[in-house]
Amino acid sequence: MTDTRTPLLRMVEITKTFPGVRALDRVTFQVDPGEVHGLVGENGAGKSTLMKILTGALQPDSGTIELRGRPVRIPDPGTGQRLGIAIIHQELTVLPELSVAENIFLGREPTGPLGLVDWSRLYRQTQALLERLDIDLDPRIRVGELTIAQQQMVEIAKALSLNADLLAMDEPTSALTERETEILFRLIQGLRDQGVTVIYISHRLEEIFQICDRITVLRDGRHIATRPVQELTPQEVVRLMVGRAITEMYPPPGQAPGPVRLEVRNLHRPPRLHGASLTLRSGEILGLAGLVGSGRTDLARAIFGVDPVERGEIRVHGRPVTLRSPADAMALGMGFVPEDRKSQGLFLQMTVRQNTVIARLKELSGRLLGLIDFRRARTEALRLVEELDIRTPSLEQTVRNLSGGNQQKIIIARWMARAPSILILDEPTRGIDVGAKAEIHALMRGLADQGVAILMISSELPEVLGVSDRVLVMREGRIVAEFHREEATQDQVMLYATGSLERLPGPPEAQA
Amino acid sequence: MSQATAVPGTSWNFRDYLQRFGILISFVLLCIALSLLSDRFLTVSNGVNVLRQITVNGIIAVGMTYVILIGDIDLSVGSVLALTSVVTADLLQKGVPVPAALGLGIGLGMALGAVNGWITVRFQVPSFITTLGMLTAARGMALTYTQGRPITGLPDGFRFLGRGEPLGIPMPILLAALVFAAAWVMLRRTRHGEYLYAMGNNPVAARLVGIHTGRYRVLVFTLSGGLSALAGLILTARLDSAQPTAGVAFELDAIAAVVLGGTRFTGGVGGLGGTLLGALIIGVLDNGINLLNISPLYEQIVKGAVIALALLIHRRAE
Amino acid sequence: MRRHLWIASLALFALLLAACQPVAGPPPAAEQPEAPAPEKPVIGLALSTLNNPFFVDLRDGAQEAAEALGVELIVVDAQDDPAAQAASIEDLIQRGVDALILNPTDSDAIVPSVEAANQAGIPVFTVDRAANGGEIVSHIASDNVAGGRMAAEFLCDALGGQGKVVELEGIPGTSAARDRGQGFNEYMGENCPGVEIVARQTANFNRAEGLTVFENILQAQPEIDGVFAHNDEMVLGAIQAAEAAGRADEIVFVGFDAIDDAVQAVREGKLAATVAQQPREMGRLAVETAVKSLQGEEVPEYIPVPLALVTAETVK
């Protein structure tokens, strides 16, 4: 049905081989002008490779690229830019010390007669651009002071200021709250109305279905399908992506929770924590919802002894404790999976074995000299790799080369190795594919069934509601609502998280 | 999918090997070239000679490897070496028994290192700044202590450290070998070593898995100070003289050996094997320049070119 | 955290101060007289470094002369840092000294300071190291070329006009290394055809490098009869290398500068000779020349400071 129009982009029979593996195998990918085109597939399916070839960061082994019906070569990113192709990466490339305007026009600032930057013109141009895109930002503000979502807007504005008419976005919502995602979607729709074509890569199928016109599915480096979104259901897309049907997205709830493992009373740590309290029981998964900046991560860090608290009480197994460092929390049987696995969790240049048992090394090494018992370390690591189905060619593999899902499993394995009684997970499935996500959810449930008390923070409401036995909602450093699994709905949680719901007589401190 | 993740991995390992062999290749090429140019190069006595000469830089570079592995830098090694040397020599001349003087000297080095580490950790100052301060302060103290004059004429028991040959092996080589071996075991066979790699890789994550990163940082600087002192004592024993001006720019040689050996400046990657090769390349190069009687005017050009070439060969792999 | 940084830098600063202060030297008598007589002329002496005994001696000689002649001497130490030297000379000019004796850290970098003094009408003298510009009343320095010749003559005689000799050079490009080498090689070329220079390597005026470089040369040269080093530090290192290799007895060592350790080595018979620069003499001559000039006398542009050979005979 689209054959009548000339496609904006045709990538034909693209093949790319890395030593030993075919990352892309004769993939043909076609995008029509003015559409929002979803590109989905599990990690390793070849999406990033395809985008790198499109932007000129990589060269294909074979295959051709046509832009507006004309064959083109894109030997480097500069050429891609000149052809009107821009990409917004998952990791943003803005310069935090510079202003919005400087970031957008970096290297292209309007100059006066002496070659000096003409600041007023720079700000005027930026203002005009932002207005055209309907982005509400002050061109003079330092980018470091903006939220991630706003920084992303800056990046998008920069791409469009280069007259890009083909914009690829790689997991743009992975660090955004629901509300910010809404704003981003409005921006994307606005862009489409102005004739910009968008390639949208995401693991979040709801988003794909909400924003995209057509969907292309890749699997194992092959093109599987391209169809209009109306002809597909999320279940079908998942089936196309993984090659099998995933019937159950979330594991069933567990049994009744056991005794109280952790009690937190009235924790204060300005500027983010203002009297947070919670109770966590053995065998339950407690979901912690809230907007970014509501203090969820701060609460988790305080409980794990990462940041000192100003006042408040933490009781573990009924005894009040003082935590000066994560080591103290670990000694009490706690584990913590931090929100950003790359910057806070992984030792990227170290091996799977090293990453897996690092928190257990004290037990796996001699007391006096600390000589590691490598046989035990490897046995233990191997057991965990098998138990969690971590896909790695060997224990000596450097973890930087594993997919996001497997990396995340390694961090979870690291804590499972210590058989913790309390496990805190901050955004445990951010940016990983559907299959791995389901595995991690099942793992968490398995641990809970063994009696581990689990506290999970997540920005994805369906995840919070699907996985948790109980849900707490946090706002402005305090717990403002508590729901049981059955009674929680996305709308309810959002209403409390955003503060729109004020009809209750004060926040329900149900656990008190 | 498992396939896709497997392969970049193997290619990385391949690069890793190439990188590790790269420095070895440079070293072997240099040795072959020198053997062809001078019949004096490839002899046992010259081999021992080169090994003996690299002991001072080698021992300092061991400490520097640790420091760089955790993402820090120690610029004070040369000054710490000078201060500990003159203090130890003075103690010896005042009749303090040799073992006690050695212990005090190395202890002083460790104390100075601990000060570096403590200030860096406690006040969150970049180690570049802290050790730059120590570089100046320790040098100043060495000069003040001696009023700028060398301390010459030390007891035989002490000079054994430089001249002795137990079991036919020169003492400096023996000591350096022991230091390398012990440091290697600690780095590659104990949890402490694995913690250091973890800290260099990701200090935030290291703390989150329960590593007392502050303590380990202080420990590493303490070790670097102690090893600088030991290197200084060997140098003093070999010269039969402690000089307040000794060790100027030694930090550069040590850093060169470490970086030439493939340890990444940002920390987390590298090791002592590479450092040993790095120190050997520098030592062999100096030796070769003297053997071939290359004019002092061209010496630095030759040296710079060879080091750049060696770095190029194995950095190509990255 | 910012406050922590402050505390840390203060602590470091204090440490630095503590370390630097005593360097000014032991005889404080002439430096800060309590009540200077109004008529007493003031002479500023800017030294490149006091980390080297040579300059400590030079300062002592200058101080003795100043005391004897009744002038006030202000000594500043640049610690081999041209910027620090420029700053301290600036201070001396501000203070209104009557004459400046400069021992430049760097012959080029000193020029602006010399010109500043010229403009302020302060006569400038250089000692040991010259300045490459500005108006200098007089330059007081050893005759390094003559010293090199003196060393060559001694070594040639000691070897009976025959043998293989190694020359350990100073830092390439420095005038001392150039002049001493020139004098040495000129004499050997003209008057001592039987001596062959088998190796010429730099050890950068440094004792530790003298040791390692000579170790390497010992590997390369099976026969060495004599060594001339451009300074004593290097020759003392070389002697250690030769002793360790058991070859010290075959070799006649000649150094330069006659530092304490070298004179001691001459006394012990390890070092055959060292050319004595006379830093005390140099300091004394510098101050005397400056005072003469202030009193209106004509002084020559260049005042060579005599050198002397220190050997087993002269040392007694």
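This is a predicted model: local features need pLDDT of at least 70, side-chain atom pairs count only at pLDDT 80 or more; totals for chains, interfaces and linings use all residues.
**Exercise 1. The cysteine pair in chain C**

*Solution.* 
Step 1. The cut-off for a disulfide is a pair of cysteine sulfur atoms within 2.5 Å.
Step 2. The torsion about the S-S bond of C:C156 and C:C192 is about 90°, so this disulfide is right-handed.
Step 3. The pair links distant parts of the chain, 36 residues apart: C:C156 is in helix α5 (residues 144-158) of chain C, and C:C192 is in the loop between α6 (175-191) and β7 (195-202) of chain C.
Step 4. Over all chains, a search of the whole structure finds 1 disulfide.

**Exercise 2. Two other cysteines**

Classify A:C212 and B:C31 as buried or exposed.

*Solution.* 
Step 1. The cut-off for buried is under 20% relative accessible area.
Step 2. A:C212 has a relative accessibility of 5%, so A:C212 counts as buried.
Step 3. B:C31 has a relative accessible area of 16%, and therefore B:C31 is buried.

**Exercise 3. The surroundings of C:A62**

Find where C:A62 sits in chain C and which residues it is in contact with, leaving aside its neighbours within four places in sequence.

*Solution.* 
Step 1. Helix α2 of chain C, residues 53-69, contains C:A62.
Step 2. C:A62 counts as buried because its relative accessibility is 1%.
Step 3. With neighbours within four places in sequence left aside, the contacts of C:A62 are C:L45, C:L73, C:G283, C:R284 and C:V287.
Step 4. Take C:R284 from that list. C:R284 and C:A62 are 222 residues apart in sequence, but their C-alpha atoms are 4.6 Å apart in space.

**Exercise 4. Chain C as a whole**

State how many helices and strands chain C has, and what share of its residues count as buried.

*Solution.* 
Step 1. There are 11 helices and 12 strands in chain C.
Step 2. Chain C has 316 residues, of which 53% count as buried.
Step 3. Among contacts in chain C with a separation of 6 or more, 73% are between residues 24 or more positions apart.

**Exercise 5. Which chains touch**

Determine how many pairs of chains touch, and which pair has the most contacts.

*Solution.* 
Step 1. Of the 2 pairs of chains that touch, A and B have the most contacts.
Step 2. Chains A and C do not touch, and their nearest C-alpha atoms are 15 Å apart.

**Exercise 6. The interface of chain C and chain B**

Describe the contact by its residues, its buried area and its salt bridges.

*Solution.* 
Step 1. Chain C gives 43 residues to the contact and chain B gives 47.
Step 2. Between them the two chains, C and B, bury about 3800 Å², with 54% of it on carbon and sulfur atoms.
Step 3. The residues of chain C that lose the most area to chain B are C:Q201, C:N216 and C:Q219, together 17% of what that side buries.
Step 4. The rule finds 5 salt bridges across the interface of chain C and chain B. B:R163 forms a salt bridge with C:E243, with the closest N and O atoms 3.2 Å apart.
Step 5. Across the interface of chain C and chain B, 22 residue pairs are in polar contact.
Step 6. The elements of chain C that give two or more residues to the side touching chain B are α1 (2-20), α2, β7, α7 (207-220), α8 (232-244) and α9 (260-267). The largest share, 10 residues, comes from α7(C).
Step 7. By class, this side of chain C has 24 nonpolar, 10 polar and 9 charged residues.

Definitions and conventions:
Residues are numbered from 1 along each chain as its sequence is written. Chains are lettered from A and ligands numbered from 1 in the order in which they are written. Side-chain values use heavy atoms; hydrogens and water are left out. Contact means heavy atoms within 4.5 Å. Helices (H or I, at least four residues) and strands (E, at least two) are DSSP runs, numbered from the N terminus. Buried means under 20% relative accessible area, exposed over 50%, partly exposed in between (1.4 Å probe, protein chains only). Buried area is the accessible area (1.4 Å probe) that two parts lose on being put together, summed over both. A salt bridge is a side-chain nitrogen of Lys or Arg within 4 Å of a carboxyl oxygen of Asp or Glu. A polar contact is a pair of N or O atoms within 3.5 Å; within protein, one must be able to donate a hydrogen and the other to accept it, and residues adjacent in sequence count only if both atoms are side-chain atoms. Ala, Val, Leu, Ile, Met, Phe, Trp, Tyr, Cys and Pro count as nonpolar, Asp, Glu, Lys and Arg as charged, and the others, Gly among them, as polar.
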